Amino acid sequence: MALTFIQRLVKGFNQAFSRFGEKSTVEIDDFELEHFLIYHGLIGSSPENQRSFRDVRADILGAVKQKSCFEMGVALKIAPLYWEEKLKTIAAEIKNTQQDALLACLVPDNADDMLPPSQNALYSEDWRVRANAATILGFVGSSAAVERLANSLNDTARSTKSAFYYVSNALATFKTNHALEVIEPFLYSDNSWFCVDAAGAMSQWPFEVIAEKLAKGLTSVNKLSDYTAISVSKNYKPKVFLADQRPAVQNGGFAMILALVDPTHKAFQNEQVFPTKLEDCFSPAVELTKSHATALRVTALSNLCDWLNQNHSAMRVFATSTGIEVGDIPAESILTDTKNYLTSDEVKAKIDQLFTSHIWQTEREAAAKDLEGQCLLALIGQYRMTQHLSRVEELAVQENGFYAESGIDALGAIGSEQTVQKLIKETKALVNLESRATRAHSAQPVVEDQPENTDAYWHILIALGHLKYEISFDFLLSAVQDFAPDKRQQALTSLIKVGSAITLSADKKALMQTQLTNSFKDVSVSVKQAAIEAARLLPTPEIIEEVALMTASKETSLWKESTRVLKELAESGHKGVVLKQLEKAAQATRDQTKRERILTFAEKLK
């Protein structure tokens with residue numbers, strides 16, 4: 001049965017925003033929602049309480065007849081994404097016969113700057129009016145609208161940002177030099193969605209016009225780089241960039257590949273990534289990396305190898321079900337050989353040289369964030385190049401924060417006990433730990449006051465999980481009291497990783513077990529999931545009992561996670577304890593369905 005609009009919307013939110021479960025800033029407003037709908041294509045049947053096409057058409061045509069800016073503004077207070085094509089249909093009726101009257105309603109003479117926003121659609125205080133006016137103007141294609149749209153774009157970015165996508169795309173339809181000059185700076189906006197929209201709009205120009213400009217934007221750090229890559233790929237696939245003779249443009253293609261196959265990017269399902277034809281990128285990516293290796297190229301190619309290896313079967317199924325042709329997928333042996341090359345002494349020596357000679361950004365004013373530098377730091381950690389530890393520590397705590405997250409992640413791989421002390425000191429400078437620990441635990445993701453600081457703190461919690469020293473354990477033991485669920489979750493995961501790997505006193509072992517036991521009763525589902533997973537490292541009878549009780553949970557995610565972990569524990573020598581605790585869990589629940597489910601699962605383990 002086909003999913004309804006609402007069902008698809010809910011499903012899409014669950015999938016595309018799953019990665020934000022690891023972030024502390026989840027706030028869905030009109031701006032976020034509109035972009036989510038745009039880039040995931042979640043528009044189907046009419047949203048509730050929509051006006052009929054006949055009524056909207058009559059209102060628009062009536063406003064044009066009266067040359068009334070005010071009436072046009074009222075008529076355009078409708079959902080832009082749903083009405084986009086319908087508005088073009090209405091405009092097509094009068095595009096050639098009443099264009100002057102239509103333009104008079106949408107871009108009225110305002111030389112004296114006296115028109116109120118209600119009579120000047122491109123400056124309306126209602127973002128829907130701006131968006132719909134821009135859509136019509138882009139369709140009509142009157143050169144008289146270019147300057148007005150250009151001026152409106154900057155104002156829209158400040159005042160009604162939800163309309164930014166529509167205004168930028170309408171401006172791009174004219175493909176003038178001035179339009180490009182106005183859009184391009186937004187590639188480097190602090191607002192990541194503006195970067196995505198600007199890249200998509202610029203990709204409407206001929207490739208020879210925008211190749212270098214777009215590549216520069218693609219190789220700038222953007223937290224929504226996967227959305228940017230998807231947006232650009234609608235017009236230019238990554239292979240187009242790789243086929244260019246200019247190294248800087250080629251790097252734009254590598255940046256797209258990295259964004260699309262990064263294992264931490266989970267916003268898009270394979271069905272949306274497969275059409276970007278990543279399999280066609282493998283051969284040119286190998287050739288270009290071998291001829292001119294950079295950290296970006298090495299990282300992108302390595303991740304591409306992993307992605308192709310994991311998805312080759314799914315790509316064949318996709319091709320069969322959709323009729324979309326899939327290119328040649330390299331054999332597993334070729335992917336393995338390529339991965340071996342990327343970890344060879346030759347490549348490591350090149351990365352060592354590049355790291356030493358890299359020019360690291362120090363000024364906040366630098367528009368293009370340093371993606372090559374971030375990839376260098378990632379590879380320093382991956383290759384465990386401890387000779388660069390002191391420099392990585394400097395970059396991780398650099399005041400401007402350009403390299404904080406990448407540097408901290410690298411320290412997790414190559415750091416020492418002294419590194420732990422520095423990271424703890426940095427944490428205390430970033431956040432108020434005492435205040436965070438005394439606030440009531442939140443069940444849902446929270447909106448942080450200083451998201452850049454708390455993101456760095458979250459990465460420090462990850463890094464400490466790899467730095468297995470008692471000082472790490474002590475800090476993490478206090479961090480599990482954080483009010484934000486994503487921080488509690490990560491602190492718990494790291495705490496158990498460290499505590500199960502080092503020698504602890506009896507008192508500290510007891511504290512660790514008590515903390516893990518308490519986490520099964522946390523108000524956050526994500527923390528409970530972390531507790532279940534952590535039980536694999538601390539499989540005492542008491543902890544296994546807590547995991548068994550989770551099999552009766554009403555949350556499907558907890559039930560599935562608990563059965564997976566219990567199965568692993570049963571297969572690794574704890575079958576007797578697991579079966580005993582499952583029997584107790586079945587007896588403890590009054591729900592007959594859950595009891596039967598638990599007993600059926602236990603029977604399969606015997």
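At what angle do the axes of helix H31 (residues 541–549) and helix H32 (residues 556–588) cross? In this predicted model, the two axes cross at roughly 80 degrees and come within 8 Å. H31 is therefore roughly perpendicular to H32.

**First stop: H31 and H32**

Select Pro 541, Ile 544, Glu 545, Val 547, Ala 548 and Leu 549 on the H31 side. Their partners in H32 include Ser 562, Leu 566, Leu 569, His 574 and Val 577. Counted by class, this contact holds 11 nonpolar, 3 polar and 2 charged residues.

**Second stop: H21 and H23**

Next, display helix H21 (residues 371–382) together with helix H23 (residues 404–414). Their axes lie 8 Å apart and the packing angle is about 10 degrees, so these helices are roughly parallel to each other. From H21, the contact uses Gln 374, Leu 377, Ile 380 and Gly 381; from H23, it uses Ser 406, Gly 407, Ala 410, Ala 413 and Ile 414. The classes here are 5 nonpolar, 4 polar and no charged residues.

Ile 380 leads on to Ile 351, which touches it. Other residues touched by Ile 351 include Thr 294, Ala 295, Val 298, Leu 376, Leu 379, Tyr 383 and Met 385. The largest nonpolar core has 194 residues, and within it Leu 149 and Ile 351 touch the most other members. Helix H18 (residues 295–322) provides the largest share of this core, 12 residues.

Now select helix H11 (residues 192–202). All of its residues, 11 of 11, are buried, so the helix is largely enclosed by the rest of the structure. Among these buried residues are Trp 193, Phe 194, Asp 197 and Met 202.

**Last stop: Asp 522**

Finally, go to the loop between helix H29 (506–519) and helix H30 (525–534), where Asp 522 lies. Is Asp 522 buried or exposed? Its relative accessible area is 9%, and it is therefore buried, the cut-off being under 20%. The side chain of Asp 522 makes a polar contact with the side chain of Arg 488, at 2.8 Å. Beyond residues up to four places away in sequence, Asp 522 touches His 441, Arg 488, Val 527 and Lys 528.

Key. Residues numbered from 1 in each chain as written. Predicted model: local features only at pLDDT ≥ 70, side-chain atom pairs only at ≥ 80, totals over all residues. Heavy atoms only, no water. Axes fitted to C-alpha atoms, helices over the stretch in contact; angles between N-to-C directions. Helix = DSSP H or I, 4+ residues; strand = E, 2+ residues; numbered from the N terminus. Parallel < 35°, antiparallel > 145°, perpendicular 65-115°, else oblique. Contact = heavy atoms within 4.5 Å. Nonpolar A, V, L, I, M, F, W, Y, C, P; charged D, E, K, R; others polar. Buried < 20%, exposed > 50% of the residue type's maximum accessible area, 1.4 Å probe, protein only. Polar contact = N/O pair within 3.5 Å; in protein donor to acceptor, adjacent residues only side chain to side chain. Core = buried A, V, L, I, M, F, W, Y, C linked by side-chain atoms within 4.5 Å.
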